[in-house]
Every structure is written in C-alpha cells, then in structure tokens.
Amino acid sequence: MARALVILPNTLIEQLTGIEKSTHIFCYEHPRYITDFHYHAQKLIFHRATLTTYAEELIKAGFRVHYVEYTQDLAELLKKQRIAELAYYAPGDTAVEKNIALIAKKADCKTVRHENPIFLTPEKELYAALG
C-alpha cells in the first residue's frame, strides 16, 4: 500500500516527524492559494518560492517528492502512483479540506488528517474554549 502526504503552501512543517522516506510527498500549489482570489503578485511569488524551496529541501533529505502545479490534476497523479492513503495537515480552510476529500475519493484512497503543528492553539483546545 503506497502512502502519500500532501503539503500545501500553508502547511510547510519544519520537521516531518513520523513520515517514512518511502512516503510520496506531493507539494501541491492548491488553486485556493493561487487562483481562487485576486491575490497580490508578491503573495503568489512567495507561495511558489517557499513551496519549491521546501520541495528541494525534502528531496535533499531523501524523500520522494512530487511537485504539483495548480494546473495539474492531483487525483490523477495519486492514481498513477497507486496511492492508497493520503495524509495531510489541517489547512485551516474548510473549502480546501473538502477539496482534499474529493481528490482522495477520485483517486480511490482514504484520507488521514493530522493536526497542523504550525497553529498555536491545538484544535481540541480551541473547540473546547468555543463550546
């Protein structure tokens, strides 16, 4: 069973703990962060630059990295690699999370959601505080 981790422009985790080197890592220019809104050009350049640099660092660390541009079909790429399990870090955006679920469904793989360690407050604490 092939496993994958999708990395978004806002989930660049400094230390990928618990991720095996055999895991396929898809650095994905998700359209939500590139084309869904009228973003300033500098923001788009920043997203692309940080994501490509992050991908290069993962490659140097020995990971199997696939860079996915926003025009590419991630579901097709997952199928091509025969991915059965797609993990991701909580993006903090419901629309993106729903889209990842749809992509996984199209690729016929299950999803594994990890809490995003970049967020200062863990989700459980946040939801408990909000009632």
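Q: What makes the chain agree with a compact globule in its radius of gyration?
A: The radius of gyration is taken over C-alpha atoms, and the globule rule is 2.2 Å times the number of residues to the power 0.38. With 131 residues, the rule gives a value near 14 Å; the chain has 15 Å, which agrees. Along its principal axes, the C-alpha trace spans about 40 × 35 × 30 Å. The model is predicted: local features need pLDDT of at least 70 and side-chain atom pairs pLDDT 80 or more, while totals for chains, interfaces and linings use all residues. Residues are numbered from 1 along each chain as its sequence is written, and side-chain values use heavy atoms, with hydrogens and water left out.

Q: How many helices and strands does the chain have?
A: Five helices and five strands. These are DSSP runs numbered from the N terminus: helices are H or I with at least four residues, strands are E with at least two. Along the sequence the pattern reads β-β-α-α-β-α-β-α-β-α.

Q: What is the order of the strands in the open sheet?
A: The five strands are arranged as β3-β2-β1-β4-β5, with parallel pairing. Two strands count as paired if DSSP finds at least two bridges between them. β2 (residues 24–28) and β3 have five parallel bridges, and β1 and β4 also pair in the parallel sense over five bridges. Five bridges join β4 to β5, again parallel.

Q: Why do β3 and β5 stand at the edges?
A: β3 (64–68) and β5 (110–114) have a single partner strand each, so one side of each is left without a neighbour in the sheet. Neighbouring strands of this sheet are turned by 25° against each other on average, direction ignored.

Q: Which residues stand opposite each other in these pairs?
A: His 24 is opposite Arg 64 in β3, and Ala 2 has Ile 83 in β4 as its bridge partner.

Q: What makes the β-α-β crossover from β4 to β5 right-handed?
A: The chain crosses from β4 through α4 to β5, and the crossover is right-handed. The term applies if, with the strands pointing away from the viewer, the path from the first strand over the helix to the second runs clockwise.

Q: Which strands does helix α4 touch?
A: α4 (residues 94–106) packs on the sheet and touches β1 (2–7), β2, β4 (83–89) and β5. Contact means heavy atoms within 4.5 Å. The direction of α4 makes about 170° with that of β4; axes are lines fitted to C-alpha atoms, for helices over the stretch in contact, and angles run from 0 to 180 degrees between N-to-C directions.

Q: Why does Glu 85 count as buried?
A: Buried means under 20% relative accessible area, exposed over 50%, and partly exposed in between (1.4 Å probe, protein chains only). Glu 85 has 12%, so it counts as buried. Its place is in β4, where six of the seven residues are buried. Not counting residues up to four places away in sequence, Glu 85 touches Met 1, Ala 2, Arg 3, Ala 4, Cys 109, Lys 110 and Val 112. In the chain as a whole, buried residues make up 38% of the 131.

Q: How do you know that the sulfur of Cys 27 is too far for a bond?
A: A disulfide is a pair of cysteine sulfur atoms within 2.5 Å. The closest cysteine sulfur to that of Cys 27 is in Cys 109, 17 Å away, so it is too far for a bond. The count therefore comes to zero disulfides. Both cysteines are buried: Cys 27 has a relative accessible area of 0% and Cys 109 of 11%.

Q: What is said of phi in Arg 82 and Asp 108?
A: Most residues other than glycine have a negative phi. Arg 82 has a positive phi of about 55° and Asp 108 one of about 60°, although neither is a glycine. Arg 82 lies in the loop between α3 (74–80) and β4; at 70% relative accessibility it counts as exposed. Asp 108 is in the loop between α4 and β5 and is exposed too, at 68%.
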